[in-house]
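My notebook is open, and I am going through this one piece by piece. Here is what I looked up, in the order I got to it.

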Amino acid sequence: MTYSTERLTIAIPITQAARRTAHAFARDQPTLEKSKRVYLNTLAVLVVQNYMQMLDISTNLDSSHSWNPVGRLFADVADLNTSFGRLECRPTIANEQTCFIPPEVWQDRIGYIVVQVDETCREGTLLGFVPTVSQQQLPSNQLRSLDELLDHLHQPA
């Protein structure tokens with residue numbers, strides 16, 4: 001019997017409606033750099049939301065900080081409020097070996113999911129998760145497999 005040491009990853013299409021929402025949120029930002037960050041953050045949140053729906057886990061975008069215009073303007077947030085608590089959905093792009101996690105989101109999260117957004121922004125691949133963070137650069141080799149995520153979510157707080 002052969003066992004794979006590869007982590008389970010899941011690719012999810014990014015819809016045109018998701019890209020429109022991300023563009024709308026990005027347009028409200030004061031700088032080009034912030035606009036790009038909000039765009040990718042929004043796509044990451046929507047990819048994770050689709051994944052949570054596939055797992056039959058309820059989510060509430062409207063109560064997520066990343067859906068609040070003031071929250072997006074003054075913080076680097078990419079959270080998704082779920083029935084278990086807030087998941088931080090951090091974007092990365094191809095060939096990056098680390099994912100940036102700003103210190104402002106190191107608390108009040110039940111986990112951090114890393115989403116690799118392809119260069120066309122038409123697909124997001126969930127690379128894995130970690131339950132907690134304590135540094136700004138999360139190496140991708142420290143990500144846990146998505147097949148452990150449900151167990152983690154169902155653990156008592």
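Predicted model: local features only at pLDDT ≥ 70, side-chain atom pairs only at ≥ 80, totals over all residues.

**Entry 1: L150**

I started by listing what L150 touches: L55 and I57, leaving out residues up to four places away in sequence. Contact here means heavy atoms within 4.5 Å. L150 sits in helix α4 (residues 149-153). Helices are DSSP runs of H or I with at least four residues, strands are E runs of at least two, and both are numbered from the N terminus. I then checked L55, which is 95 residues from L150 along the chain, and found their C-alpha atoms separated by 8.7 Å. L150 is partly exposed, at 34% relative accessibility. The cut-offs are under 20% relative accessible area for buried, over 50% for exposed, and partly exposed in between (1.4 Å probe, protein chains only).

Residues are numbered from 1 along each chain as its sequence is written, and side-chain values use heavy atoms, with hydrogens and water left out.

Next I followed α2, residues 32-54, which has 23 residues. From first C-alpha to last it reaches 33 Å, close to the 33 Å expected at 1.5 Å a residue. That expected span is 1.5 Å times one less than the number of residues.

Where do the axes of α1 and α2 come in relation to each other? They come within 8 Å and cross at roughly 145°. Axes are lines fitted to C-alpha atoms, for helices over the stretch in contact, and angles run from 0 to 180 degrees between N-to-C directions. On the α1 side (residues 16-27), I noted A18, F25 and R27 among the residues that meet α2, whose own contacts include V38, Y39 and L46. By class, this contact has eight nonpolar, four polar and two charged residues. Ala, Val, Leu, Ile, Met, Phe, Trp, Tyr, Cys and Pro count as nonpolar, Asp, Glu, Lys and Arg as charged, and the others, Gly among them, as polar.

**Entry 2: the sheet**

I read off the strand order of an open, six-stranded sheet with mixed pairing: β1-β7-β6-β4-β3-β2. Two strands pair if DSSP finds at least two bridges between them. β1 (10-13) and β2 (59-60) are at the edges with a single partner strand each, so one side of each has no neighbour in the sheet. α2 packs on this sheet, touching β1, β2, β3, β4, β6 and β7.

Then I looked at β4 (85-93). Eight of its nine residues are buried, so β4 is largely enclosed by the rest of the structure. β3 and β4 run antiparallel, joined by four bridges, and form a hairpin with two residues between them. On the way I spotted T82 opposite G85 in β4. β4 and β6 run parallel, with seven bridges, and E88 stands opposite Y112 in β6.

Most residues other than glycine have a negative phi, so I flagged two exceptions. D56 has a phi near 60° and is in the loop between α2 and β2. N95 has about 70° and is in the loop between β4 and β5. Buried or exposed, I wondered about D56? D56 is exposed, at 72% relative accessible area, and N95 is exposed with 72%.
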